[in-house]
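Visitor: I would like to learn how to read a protein model feature by feature, with the general idea stated before each case.

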Amino acid sequence: MTPVLEARNIHFGYRRNQEVLTDVSFAVEEGSNVGLVGESGAGKTTLLRILLGLAIPSAGQVFSDGMPFDARDRKQLRAYRRMTQTVFQDPYSSLDPRQTIGQILAEPLRSLGITTNATEIRQHMAESLRAVGLPTDITKRYPAEFSGGQRQRIAIARAIAPNPRVLLADEPVSALDVSTRIKVIDLLAELGRGVDGRTGMSVVLVTHDLGVVAALCDRVVILENGRVVEQGDTRSVMGLPQNGYTKRLLASVPRLPVVP
Ligand SMILES: Nc1ncnc2c1ncn2[C@@H]1O[C@H](COP(=O)(O)OP(=O)(O)OP(=O)(O)O)[C@@H](O)[C@H]1O
């Protein structure tokens with residue numbers, strides 16, 4: 001099967017002669033969830049920025065449905081943005097405090113050219129609010145009226161409103177308390193499977209937390225200093241890690257599932 005998204009031999013540096021990513025390759029199959037894991041500075045966010053088309057690799061290529069994706073091509077970027085949406089770490093800064101929830105949810109629908117029809121926008125908004133487990137009558141309220149977990153649900157509702165095929169999430173639960181964290185992970189897992197009449201989507205999850213990967217991802221890619229040191233099926237990698245760095249990361253996480 002052609003992967004929905006693929007990074008092939010990606011290199012990137014913010015400065016000349018200082019690579020932050022070196023020869024990074026991995027694929028995201030339709031409907032499967034992939035965790036990008038590594039310690040602080042490993043290059044996870046940079047890789048996500050490349051997958052979002054916000055940074056251009058110095059070598060290598062991103063493929064979308066098997067086709068090379070060039071973020072400098074505005075037409076390609078527009079089509080790509082409809083199929084990939086993102087959720088950031090901090091729900092306090094990612095939502096504009098001056099906008100109502102309705103304005104926040106409608107923004108991607110308008111800017112991506114999905115619809116400008118008020119009735120259709122209301123339908124999309126209600127559908128995505130239902131999918132994240134929030135009441136549909138909150139559209140006139142402001143982000144400040146909601147808790148961190150609720151705000152992250154609103155950010156997820158905004159991301160899924162255009163019906164993306166891939167959700168790229170950068171540490172989406174690390175700013176939340178433990179019980180809220182579990183609920184948001186469950187929500188992402190549900191959205192991946194498809195919920196409330198929506199089709200499932202792939203989730204690419206950037207995290208330094210292997211516990212979150214174990215709960216959500218079918219596959220895991222381990223990054224160390226900008227290189228992939230190990231990748232594969234999450235249960236196999238976590239059950240029998242081959243790489244010393246992966247073993248050290250695993251040793252720092254309590255209670256991981258054991259492969260039978
Ligand atoms: N805008 C930038 N300019 C220069 N260097 C940068 C920039 N952003 C990141 N870097 C460097 O690139 C490397 C990778 O950073 P990146 O943020 O991708 O890592 P990360 O794995 O996401 O880390 P964290 O878990 O702390 O967010 C680091 O050495 C970082 O200092």
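The dialogue below goes from the whole chain to single residues.

Guide: This is a predicted model, in which local features need pLDDT of at least 70 and side-chain atom pairs count only at pLDDT 80 or more, while totals for chains, interfaces and linings use all residues. Residues are numbered from 1 along each chain as its sequence is written.

Visitor: How many helices and strands are in the chain?

Guide: Helices (H or I, at least four residues) and strands (E, at least two) are DSSP runs, numbered from the N terminus. On that basis there are 9 helices and 10 strands in the chain.

Visitor: What radius of gyration has the chain, and what would a compact globule have?

Guide: The radius of gyration is taken over C-alpha atoms, and the globule rule is 2.2 Å times the number of residues to the power 0.38. For 260 residues the rule gives a value near 18 Å, and the chain agrees with a compact globule because its own radius of gyration is 18 Å. Along the principal axes, the C-alpha atoms fill a box of roughly 55 × 45 × 35 Å.

Visitor: Which residues touch the most other members of the largest nonpolar core?

Guide: In soluble globular proteins, nonpolar side chains tend to be buried together. A residue is buried if 20 or more other C-beta atoms, placed from the backbone, lie within 10 Å of its own, exposed if 12 or fewer, and partly exposed in between. A nonpolar core is a set of buried Ala, Val, Leu, Ile, Met, Phe, Trp, Tyr and Cys residues joined through C-beta atoms within 7 Å. Of the 68 residues in the largest such core, Leu36, Val37, Leu51, Leu167, Val204, Leu205 and Val221 touch the most other members. The largest share of this core, 6 residues, comes from helix 5. Buried residues make up 40% of the 260 residues in the chain.

Visitor: Which residues of helix 3 are buried?

Guide: An α-helix has 3.6 residues a turn, so residues three or four places apart point the same way. In helix 3 (residues 101-111), the buried residues are Ile101, Ile104, Leu105, Ala106 and Leu109. Their cover includes helix 4 (118-131) and helix 5 (148-160), where contact requires C-beta atoms, placed from the backbone, within 7 Å. Just after helix 3, Gly113 takes a positive phi of about 70°.

Visitor: Where is Asn9 found, and is Asn9 buried or exposed?

Guide: Most residues other than glycine have a negative phi, and most peptide bonds are trans. Asn9, found in strand 1, has a positive phi near 50°, and it counts as exposed because it has 12 C-beta neighbours inside 10 Å. Asp65, in the loop between strand 4 (59-64) and strand 5 (67-69), likewise has a positive phi, of about 55°; with 13 C-beta neighbours inside 10 Å, Asp65 counts as partly exposed.

Visitor: Which residues are around the ligand?

Guide: A residue is near a molecule if its C-beta atom, placed from the backbone, lies within 6 Å of it. The residues around the ligand include Tyr14, Val20, Lys44, Thr45, Thr46 and His208. Helix 1 (residues 44-51) gives the largest share of this shell, 3 residues.

Key:
Two residues are in contact if their C-beta atoms, placed from the backbone, lie within 7 Å.
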